[in-house]
Amino acid sequence: MAETLTIKINGDTKEFQIAVKGLESKTKKLGTDLGAIAKKASIAFAGLTATVSGLIATYRTQEQAEKKLETALASTGYAAGVSADELKNLASELQSVSTFGDEAIIEAQALLLTFTKVGQEVFPMATESILNMSAAMGTDLKSSTLMLGKALNDPTAGVTALTRAGVQLTETQKEQIKTQTELGNISSAQKIILKELETQFGGQARATAEGTGRFIQLSNTLGDVAEKIGKHLVPPLSNLARILNEVLGNILKKDGEEFGKMAARSL
């Protein structure tokens, strides 16, 4: 005959239940807090990533402009007789008195260098003339650079192109330009053109910096600050990018080999 043993436990579980509910409440709050922290962290990380990317992108624009300048100097054998540092300093000075960013001015200088008859005697004046023409005529720096570069490289033929673009030269000036060019005094002919451009468009670029132009100047200055920060971020992040590329490349290579083996076995 089987015997049944029954054990009855009596006890008040009210405190235990309260404690459990309290624990549940705290756990739920902790989960909510952790979720909020994670959300804020992800937003902060996304913001940081965007900021870092923006700083690097700003520096890259400047870096690429300077590389174009250095490449143009080297490819033309430094025919203009000016150095990269001199041109970058000129670009910085012109940025400070106009609304044109130095990186845009440097790109214009790099293009002007390809017109190898534009020498150091006229290069600074030609650079500012390009800015003045763009400000007055509403054209981009590239268009103005090509127009003036062609005119200065071949003054006699260039006079016609400038006239079509709205630059007024007297018959006396045209004759002087032709004479100086035939005598081989190219810089003298160029100075006649640039002097007339100064008469017609002088001060236009500097005028853009007045009034609301101050805000554009401020933006350009802040851009310079961002460039300097981005420049310092590039070396460590570039090294990190190299390491990540290697790691990810190895992972992809390994997974690719495994996938290839699996595909071969299935055939």
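Predicted model: local features only at pLDDT ≥ 70, side-chain atom pairs only at ≥ 80, totals over all residues.
Is Ser 129 buried or exposed?

Residues are numbered from 1 along each chain as its sequence is written, and side-chain values use heavy atoms, with hydrogens and water left out.

Back to Ser 129. It sits in helix H4. Helices here are DSSP runs of H or I, at least four residues, numbered from the N terminus. Ser 129 has 3% relative accessibility, so it counts as buried. Buried means under 20% relative accessible area, exposed means over 50%, and partly exposed lies in between, with a 1.4 Å probe and protein chains only. Ser 129 touches Leu 148, Leu 194 and Leu 197, leaving out residues up to four places away in sequence. Contact means heavy atoms within 4.5 Å.

Now the core. The largest nonpolar core has 42 residues. Such a core is a set of buried Ala, Val, Leu, Ile, Met, Phe, Trp, Tyr and Cys residues, joined through side-chain atoms within 4.5 Å. Leu 69, Leu 113, Leu 148 and Leu 197 have the most contacts inside this core. H8 gives the largest share, six residues. In soluble globular proteins, nonpolar side chains tend to be buried together.

Take Leu 69. Beyond its neighbours within four places in sequence, its contacts include Ala 84, Leu 87, Ile 106 and Leu 113.

Next, Leu 90, in helix H2. At 15% relative accessibility, Leu 90 is buried too. Gln 109 is 19 residues away along the chain, and the two C-alpha atoms are separated by 9.8 Å. Leu 90 is in contact with Gln 109, Pro 124 and Thr 127, again leaving aside neighbours within four places.

Last, a helix pair. How do H3 and H5 cross? Their axes come within 9 Å and cross at roughly 30°. Axes are lines fitted to C-alpha atoms, for helices over the stretch in contact, and angles run from 0 to 180 degrees between N-to-C directions. H3 and H5 are therefore roughly parallel to each other; that term covers angles under 35 degrees. In H3, Ala 104, Ile 105, Ala 108, Leu 111 and Leu 112 meet Leu 141, Lys 142, Thr 145, Leu 146 and Gly 149 in H5. These contact residues divide into seven nonpolar, two polar and one charged.

Methods
Helix = DSSP H or I, 4+ residues; strand = E, 2+ residues; numbered from the N terminus. Parallel < 35°, antiparallel > 145°, perpendicular 65-115°, else oblique. Nonpolar A, V, L, I, M, F, W, Y, C, P; charged D, E, K, R; others polar.
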